[in-house]
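My notes follow in the order I looked things up.

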Amino acid sequence: MSLPLVVFLPFLGAIAAPLFAQGGRTAIAIASSVPALIALAALFPHWETLAGGGTVLASYEWLPALGLSFSFRLDGLALLFALLILLIGLLIILYARYYLKPAENVGKFYALLLCFKGSMLGIVLSGNLLLMLIFWELTSLTSFLLISFWNHKQDARRGARMALAVTGGGGLALLAGILLIGNIVGSYELDDVLAAGDLIKSHALYPVALTLVLLGAFTKSAQFPFHFWLPHAMQAPTPVSAYLHSATMVKAGVFLMARLYPALAGTEQWFYMVSFTGMATLLIGAYVAMFKHDLKGLLAHSTVSHLGLITLLFGMGTKLAAVAAVFHVINHATFKASLFMAAGIIDHETGTRDMRQINGLWRYMPHTATLAMVAASSMAGVPLLNGFLSKEMFFAESLQLNLPGGLAWLPPLVATLAGIFAVAYSARFVHDVFFNGKPVNLPIYPPHEPPRYMKIPVEILVFACIMVGMFPAFSIGPLLYAASYATLGGEVPDYHLTILHGINLPLMMSVAAFVGGLLMYSQRQKFFDFHARFREIDEKAVFESVVSWLVDLAHRFTGAIENGSLQRYAMLLVVSVIAVALVPLSTMGVFVGENGLSPVDWPTAIAAGVLILCAIATAIGHRERFIALVLLSVVGLVVALAFARFSAPDLAMTQLSVEVVTIVLLMLALYYMPSWTPHESTGGRRLRDLVLALVAGGGMTLVTLAMLTQPFSSISQFFLENSKPGGGGTNVVNVILVDFRGFDTLGEITVLAIAALGIYAMLKDTALTPPPGDGQGHPWTRDAHPLMLKQIARPMLPLALMVSVYIFLRGHNLPGGGFIAGLVTSVALIIQYIASGMTWTQDRIPVKYHNVIGLGLLFATVAGAGSFAFGYPFLTSTFDYISWPVVGKFEVASALIFDLGVYLTVIGATLLALVSIGRLSPHSAIKSPREKS
Amino acid sequence: MNPFAEYLIAALLLLGGAFSLIGALGLARLPDFFTRLHGPTKATTLGVGAIVVSSVLYFSSLGEGIGISEILITVFLFLTAPVSANMLAKAAMHIGVKTTDDTRGNPWEQ
Amino acid sequence: MIITVALYVTIAMVTLAALLNVYRLIKGPDAPDRVLALDTLYINAIALIVLLGITLGTRMYLESALLIAVMGFVGTVAMAKYLKRGSVIE
Amino acid sequence: MNHWLTAPILIPLLGGILQAFMGYAPIQLRRTLAITTTVLILGASLVLFSMALDGDYRMYAFGNWQPPFGIVLVLDRLAAFMVVMTSVLALFAHIFSLGGSDEGNRQFHTLFLFQLMGLNIAFLTGDLFNLFVAFEVLLIASYGLLMHGGGTIRTVPGLHYVVLNLIGSAVFLISVGMIYSVTGTLNMADLAVRVQQVTGENLQLVKAGGMMLLVVFALKAAILPLCFWLPRAYAKATAPVAALFAVMTKVGVYAILRVYLLVFGDQAGPLANLGMDWLFPLALVTMAMGFIGALGADNLRSLVAWQVIISVGTLLAPIALGSPAGLSAALFYMLSTTWTVAGLFLVASLVAGQRGTAGDRIVTAPPMRNRTFLSVLFMVGAVAAAGLPPLSGFVGKILILQSVPAGVEMAWLWGVLLMGSFLSLVAYSRAGSIVFWRTVDGHLESPPRLTGPTSIAAGALIALTLAIVAMAGPINKYTDATAAQLLDHTRYLEILETPVVGEEN
Amino acid sequence: MLDRLGFPQPWLSALLFVTWQFLSEGVSGASIVMGLVLAMVIPQITHGFWPERPAFVKAWKMPAYLLIVLKDIVAASFSVARLILSPRPPRPVFVCYPLQLEHPLAISILASTISLTPGTVSADVSDDQTLLLIHALDAESDQEIIDAIHQRYEKRLMEMFQ
Amino acid sequence: MELIFALVIGTLTATGVYLLLRARTFPVVVGLTLLSYGVNLFLFSTGRLATGQQPVLGSAETYSDPLPQALVLTAIVIGFAMTAFVVVLSLRNLADNEDDHVDGRQPQPTEPSKREREAGSK
Ligand code: NA
Ligand code: NA
């Protein structure tokens, strides 16, 4: 229980901390310390187990399918890192209390800091690789927010994004690597993975997995060539730099190498990839650090260099080197965190971090200066300080490295060179800041010592540097042992934590480094001049321009493809359909099936010819829009005739009535549209479209031919047999519509209703200016309502209504039905609108079409739901034959009520749609009465 | 079937077909829009009337009861054909469709 | 028998009539000519449907013809009104 | 017969009818009734969900006609999953609309409810032609919703959306016709049986029909090269509409799952796994296009719209591979991405509302009034959408990555998905930092406030990603079971033998 | 009285009743009941569409008029057919016919009649409803047409509508 | 006969597709209509061609397949609704963009309208 507690308490704290923001910085700092204190207390009891190389486990199921569990695992290595995170974290909290200004969003800062802390603890305490990855990416995210804490600064935003891109991207690689490892091992549990080192290393995918994991580690730990993000992350407030970029987050990559050391290390690939990366990073970081005028920039590059050192140590692959690496992790964390804090104090007190301005601070803040000088000495590797010890171990290990090809001299040389640079930049940090004349143009002058408590964290860390440096075995021995044991996954080689191992080669290297470093610093101007000959690359600007370039490229690429051309999208759709259909169709041998062709019936053939002629004429003459519509009407008419010719009276009637309404609709619309379509597409484009059209048409011809000539049997026999006994009607099509497949019809009238309501809504606020006359220059006539039309339309109404009743009532048994009847009624009313106008007609129709639609749908639904009462499913119909005197025997069918719903919906929808368009007319007096919403 | 009815039906059918054809001929070959308007309004309408009547007779003589509902077709046609003609004539006058040179009098414009 | 012959001849005549109407419809020259041709085609369609019914000996298709008679002219009226007035419903 | 199956269809139908009647009632009353309807739909969905848990198929025969003759609804785990996912999303989108985006025209709630009806029919129906009708219902409602809100910016994308879908509908009908012309049936279970018996030239007809149907579903799902209608249409839609639309592409995915696993599944002989070899590479290309589009987006809503396309590709890749683990992973991911993307649409619109003329464009603007709240929502949503830990998108992504067996497909899928994730990371961090952080001095005159409904809805949808993570275990168990059920098509066929009322012995 | 019984337009009701009997398959109890219902309901619904009651004074004269028209239609068709088939070009003419009828419905009936009968089509009615523009396919003189129309149709209609 | 019917469907598809690919809303609408005629005829013919076999019980000796007819009826109605909608949508497009061009002109700058801003933020 205590392990998850350690990880999750900071997150709880992050939620709670901002609540204390009202109480001021002190309150919130205290509140923020609580999780760490509890965590420390919770870890303490495990020390006995860990010191002996044991591990503590706590596991809870989460997502077994994924192999993801809430698995926590504490061993020496985890403990070491947890302590670093918790203890330095506490110091940072204290430090930040004074660093931040009261006006800043302190609550957010502490919340983020705690989130980060929790994530970091999560990484080190995870017993499951996937869980670790989750925390890993969380540190990327929280550090993104912390770096950009001052997000009004452009540099902060850019630095943050760069850090996120690099570390988050590396995290994705790590994810892939971990998944591969999980694939190989069959588990993500750390225990299993660590035990399966041989399996992993002998697997074919090991190089891939290793590369991916190392990509994750290298990006996080700012290894060359991914190191560039770290210096720019220094835009963060100093407590963040001190915490994340010296002690914790950047160590996550190193931690990962240590953690997976037993599983991945010990192969040639590991050796070459890790050690050479480390070597390059070590040198480059150290070299650049020398030339940074920014105090934090210097520290950042030095951090890069030290991370390279640790990486190099892990890469060497010897057990002693690994121990040295772990040791240096501790040492670097202590001296670098204190240096960052010192830098923050200086920044805080002088208002700048530029070493060309900051000079001679010894006079103003001797206390701080002393602390910083001790820490810097440790960084330089001065004896009696902790940095010296691990550096000596490093030098010693570098001598052990037997590179093939006579390159054995390379590691010691690199180590010494890096040592020289380290001494030089440490010297610069001390001399250039605290001595070297007088301050130049400090924004805050005179600087003085910071608040007392701001120095305490630095003091504690510096004290640790000294303690470890002077009494290593006593102060850090047990912890280092436990951590090393855990790292190596077994016995730790003999090593001796003493101040001095006697006069040996490593010591000589140290001496050389000191002499060389001091010499270099004294001759710094020459080096600066030399360095100044190279143009300095601003990685942030490069990153930013790369991103902009990428974004721009993506934008242009997208814009070129997704260019807003309906025709292109339609073309793609047509091409897709043709492509997928052609593949199977092209394998068909013959397109005339077993049944063969039936003899030609000449009148039908001529009608077909008329249709084909008019369709083609429509396509050719589509620019003359009115003519196109006339031709289109002929096509529609012939289609209706075809339905009649081939045994579908209901369809013929439906097609005819729809045709009429469609013509009116198109005429209504054409009024507002240009009467002529201009020439726009190029000849090539027309040719392309023609080819597509011909292929599509040819394909459909062949498909139809193949289909029509194949024998066929369908489920329809059932409908023919059950229409009368089961559905109570002899018009099978109608019975299918209102009964067998009544649910389709319900959907269909819903579509109609929605379309009408949508049209109404869409046109409500639309204003269209119609042309003043037709395309040929004739102004419109004033005669809106011709006398004859008006007079003849009126007697048409009752007659047409009667016809519609007739067609409605017979529908169940003979061709007809609600839909057609509805259209007849609609057309009868439309004639009135055309003949006598909106106002006149609307006055005489006392209903709202919305309500007619609603009523229609309601009738259909209620008719369908009536069967619920009898325990039958929705739309179960019932019918009976009733005998009344005089009237005689007649049929009553519930399906008729359903059909009535269809009838009403059709009327409401058709009229609502047409009237909505009619209302657009500037002559229309009806301007949507109560329409102001 | 009664031979008289048979002849009558056949005659009506042929009459109807002939009128439809003549109406169409008129539409095809008369010189201007207004003269062409006469074909469909009269000949074609009557042609359909004749065919419909023959249909009535045919189904009645088959003993399927008196199917007079077809008569409604003719009624509606007679009701609507003049309106169509009127509307089209008005449209043609509005547009200023050319009349044949032989035409006396002028279409007016309101 | 005589009816069958008459029927075929009639169908041929009406079909020919329809073809002539299509000729006028495509030829024009003016919009009212085309609409007139379309209107006439509709009336031919009534004839054809009735003739189909007689040929097949069924009355199932008569209502299709009736529908054209009731509604067919609406298209003509709408087109004619568009030609001279622009707005069909106002 | 269990009438509950009709509830997710009839409730919105009746609610929609009521709204159609109430066009002129006070808005408060209309809102109350509309939201009540949506809550009832959610309730009904949960009932269906609880019924589906036992892994049985439930059949509902409309008109009490024995399948394959009448239209049936079929409830299984997948259908229940889709219905619940949609209802939850709909509820929050609907709540959001109460913040004022339902004004503007009186048909909003009607269309919204009808859209839900169409969606639920699509998820529940067991009939191929009825699926067409369902598509039309939900499409026509979506057309209306897309045009909701006035202004001219939606017209052109709306027109594209409508026309392409109309072509799609035509192709749908042709495909159904081709399949019917050989098999003579429309019921999906019956089709599955009859497709196995197709031989000779007919085989090619069915194959062509099946492939064309796949194109239709691909159009709905927005797979490359049929995805270009989506970004602008979604980006321009009113917020709650765009949010609801997050589920529209999933209908295409659902249809592919349903039809191609059942009718053209492993058992379909020469027609087995029809089209799946096309689907996998297309899914990858779609994903890649989505990542590129997202990177190049110049406003937040476009970014999210491209995220929709990314999700579609991500979903279809494992579906095309067809392993049980892949299907399960896809379903898990679908749940996560649908809700997240919907939430992001809402957030983007709230952001747009507070930045004056800059809207949601990724440019500098004066600071927002509710910057912290909105930026947190955006960040959480972005993390979930980009598939970063610890949110649900990450879990879904890992499930998908894990589901692919080692091989060429794995290399491709991993490569595209992980590289793409990197691009989305860059895209989201860039967009977020510019929109939320890069501000200029100045204030909007009378900066608009957030309202309760909008904040709650956006917050809740985004928060759902956390809920999914917390419930990842049970959800994954459910999707595993769903995948298993989907692949066991013989059980589905038993609905053909289920007796109708009055014929149970 | 019929008005109070629910037949505001008795002639229309009668027409509808008869028409229904035509539509029904034979006259039966059911068709009579239904016909009565429709004859009552439909005029009620369409009532509002006649703002001015048609001044049908002598409606019983209508059938006779219709018979005449029918006869003329047949004759007209033959004469038009002859004209169409003859090689001689027609002599079309536009004639302004001075209307004596005043009722719009009566004018419309007249115009329809003219369109359906020998060689004439009603092209337009003047705004003030005093002139009817007639296009004749083939005519010697204007007055001939005017007189014929007046004698044969307009006088009869005037009787019915005065 | 089958070949002629197939040619009709092919022609309708070809002309429909050609017009769909034009750059204005009007031909697109006409193209959709032609295409839907073709589709309806195709769907109808899946029950095969029959003469005088209308599926009205008692009116013939054998009956053609009624199911495709019912499906086509549904398709016609839905097609009508869709046509109406797309016609009105092109009117809206005309109102908003002043012409009916739909082929890839960049849309107007996306200045949100006042109402949208309010709707988005309420
Ligand atoms: Na149509
Ligand atoms: Na125009």
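Started with chain D against chain A: together they bury about 9900 Å², 76% of it on carbon and sulfur atoms. Buried area here is the accessible area (1.4 Å probe) that two parts lose on being put together, summed over both. I also looked up who takes part: 112 residues from chain D and 107 residues from chain A are in contact, contact meaning heavy atoms within 4.5 Å.

Ground rules, before I go on. This is a predicted model, where local features need pLDDT of at least 70 and side-chain atom pairs count only at pLDDT 80 or more, while totals for chains, interfaces and linings use all residues. Residues are numbered from 1 along each chain as its sequence is written, chains are lettered from A and ligands numbered from 1 in the order written, and side-chain values use heavy atoms, with hydrogens and water left out.

Next, salt bridges (a side-chain nitrogen of Lys or Arg within 4 Å of a carboxyl oxygen of Asp or Glu). I get two between chain D and chain A. A:Arg741 pairs with D:Asp127, closest N and O atoms 2.6 Å apart. A:Glu562 meets D:Arg232 at 3.0 Å, N to O. That pair joins two chains, because A:Glu562 lies in the loop between H26 and helix H27 (566–586) of chain A and D:Arg232 in helix H9 (residues 230–236) of chain D. Helices are DSSP runs (H or I, at least four residues), numbered from the N terminus.

Are these two partners buried or exposed? A:Glu562 is buried at 6% relative accessibility, and D:Arg232 is buried at 18%. My cut-offs: buried is under 20% relative accessible area, exposed over 50%, partly exposed in between (1.4 Å probe, protein chains only).

Then the whole model: 40 salt bridges over all chains. I picked out A:Asp155 with A:Lys540, 3.7 Å from N to O. A:Asp155 is in helix H7 (residues 154–185) and A:Lys540 in helix H26 (residues 539–561) of chain A, so the pair ties together parts 385 residues apart in sequence. A:Asp155 is partly exposed at 34%, whereas A:Lys540 is buried at 6%.

H7 and H26 turn up again: A:Arg158 in H7 and A:Glu544 in H26 tie together parts 386 residues apart in sequence, with their closest N and O atoms 3.8 Å apart. A:Arg158 is partly exposed at 23%; A:Glu544 is buried at 11%. I also noted a network of salt bridges linking A:Arg73, A:Asp75, A:Asp191 and A:Arg259.

Over to chain C and chain B. They bury about 4200 Å², 80% of it on carbon and sulfur atoms. In chain C, C:Leu36, C:Arg59 and C:Lys84 lose the most area to chain B, together 16% of what that side buries. The contact involves 49 residues of chain C and 48 residues of chain B. Two salt bridges cross this interface; C:Asp33 and B:Arg36 form a salt bridge at 2.8 Å, N to O.

What does chain B not touch? Chain D, for one, with closest C-alpha atoms 34 Å apart, and chain F, where the nearest C-alpha atoms are 12 Å apart.

Last stop, helix H16 (residues 295–316) of chain A, which holds A:Ile310. A:Ile310 is buried at 0% relative accessibility. Leaving aside neighbours within four places in sequence, A:Ile310 contacts A:Lys251, A:Val254, A:Ala325, A:His328 and A:Val329.
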